[in-house]
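The following exercises are to be worked through with the sequence and the model at hand. Each task is followed by a solution in steps.

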Amino acid sequence: MAASESNVRPPMPLGSVAPRVPSPRNPSPSGRLPEYAVEIAGLAKTYGARRRQAAKVALAGIDLQVPRGSLFGLLGPNGAGKSTMINILAGLVAKSAGRVTIWGYDIDRFPLHARQAIGVVPQELHMDPFFSPREALELHAGLFGVPPAARRTDEILAALGLADKADAYARSLSGGMRRRLLIGKALVHNPPVLVLDEPTAGVDVELRQQLWSYVRTLAARGTTVLLTTHYLEEAETLCDRIAIIDRGQVVACDTTAALVRRLDRKTLVIIVADRLPALPPGLAALGGELLDPCRIAFLYQPSRTRVQDLLAAVQAAGLAVADLTTEEGTLEDAFLALTRPLGAAA
Ligand SMILES: Nc1ncnc2c1ncn2[C@@H]1O[C@H](COP(=O)(O)OP(=O)(O)O)[C@@H](O)[C@H]1O
Ligand SMILES: [Mg+2]
């Protein structure tokens, strides 16, 4: 953005004791806003063997570029290596090989700068039971060296819907409130990059909507957001770019629209008002399948077939539609589609 580009100042001497806090408006060491908020090249991690456990390759050479300002989804099944990658970014796990740059700062050469540039919300919910939300945020801001006048404790509490719980005992917070407080802690130093590791796993629908909307707000304000999820739907709804990671490797990385186009399959289930002895022949020709006497499923390609055409065909067959649902392809479908050789697509 032109306004922030004009704010660019020359970089601070890198040996400085007090690094300039990287922020969405502050430049990377190059003196410019970085093109990529996070750059990962050849990243590998093998967890060493322990007593009864063999060594485990968690990351097998990851290359990834997260454009500044993007809402980036890291999608993969359990055990894919998502948390390992996030924990390396957070400085919590030591990598075995490769190079990682956060906001232009190499994590090996400038670990403090890199850590100031990123806020990480861990997958595990752990909470210090002795501090109220306000105290927890203040303490965390202190750890990051944010001077009291620059703190945004009240703003963060309000944005996360925790204002009325600001001084409550942490033990009295619900699971959803704790998760929001963890997000707040990741934001105290106003990092340009926010990383959320499975923010909505095990979270109820209402809180999920709240979290999504807050993440969107942050992204709209210029924060680069990287989130991991094993829900295809979540990545598709929220992210503008998605990398699919499986067994420690990136199997696909593209804009959400392009990726979804490559997946291009949905299921429409229509519940009809009457019990059907058999599927009307015209519907079989459209790929319909009778799941039970009242439910017809259509597996279709959204790029080629419109839902309204399927509905029209059902009505033309003289059936009354009582209800309908559509389902996205599953993550398993996504893997199959994306790892299948080119040209093998249906
Ligand atoms: N501390 C650890 N020690 C040994 N193996 C680990 C450790 N953490 C994760 N792993 C293994 O590394 C692989 C990737 O795990 P993880 O990064 O947690 O994946 P994800 O977050 O995608 O579910 C898994 O096989 C997991 O069992
Ligand atoms: Mg994980």
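The pLDDT is the predictor's confidence in each residue, from 0 to 100. The structure is a predicted model, in which local features need pLDDT of at least 70 and side-chain atom pairs count only at pLDDT 80 or more, while totals for chains, interfaces and linings use all residues. Residues are numbered from 1 along each chain as its sequence is written, and chains are lettered from A and ligands numbered from 1 in the order in which they are written.

**Exercise 1.** State the average pLDDT of the protein and locate stretches below 50.

Solution. Begin with the average: the pLDDT of the protein is 85, and 86% of the residues score at least 70. Next, residues 1-19 have a pLDDT below 50, and this stretch makes 20 contacts beyond near neighbours in sequence; two residues are in contact if their C-beta atoms, placed from the backbone, lie within 7 Å. Finally, residues 341-346 also stay under 50, with one contact beyond four places in sequence.

**Exercise 2.** Determine which residues surround ligand 1 and which elements supply them.

Solution. A residue is near a molecule if its C-beta atom, placed from the backbone, lies within 6 Å of it. The shell consists of Tyr47, Lys56, Ala58, Gly76, Asn78, Gly79, Ala80, Gly81, Lys82, Ser83 and Thr84. Helices (H or I, at least four residues) and strands (E, at least two) are DSSP runs, numbered from the N terminus. Strand E2 (56-67) and helix H2 (82-89) each give at least two shell residues, and H2 has the largest share, three residues.

**Exercise 3.** Describe the order of the open sheet and identify its edge strands.

Solution. Two strands pair if DSSP finds at least two bridges between them. The order of the four strands is E2-E1-E4-E5, with antiparallel pairing. E2 and E5 (105-106) are the edges, as each pairs on one side only. Between E1 (residues 36-47) and E4 (residues 97-102) there are five bridges; Val38 has Ile102 as its bridge partner in E4.

**Exercise 4.** Is Trp103 buried or exposed, and where is it found?

Solution. A residue is buried if 20 or more other C-beta atoms lie within 10 Å of its own, exposed if 12 or fewer, and partly exposed in between, with C-beta atoms placed from the backbone. Trp103 is found in the loop between E4 and E5. Because Trp103 has 28 C-beta neighbours inside 10 Å, it counts as buried. Its phi is positive, about 50°, although Trp103 is not a glycine.
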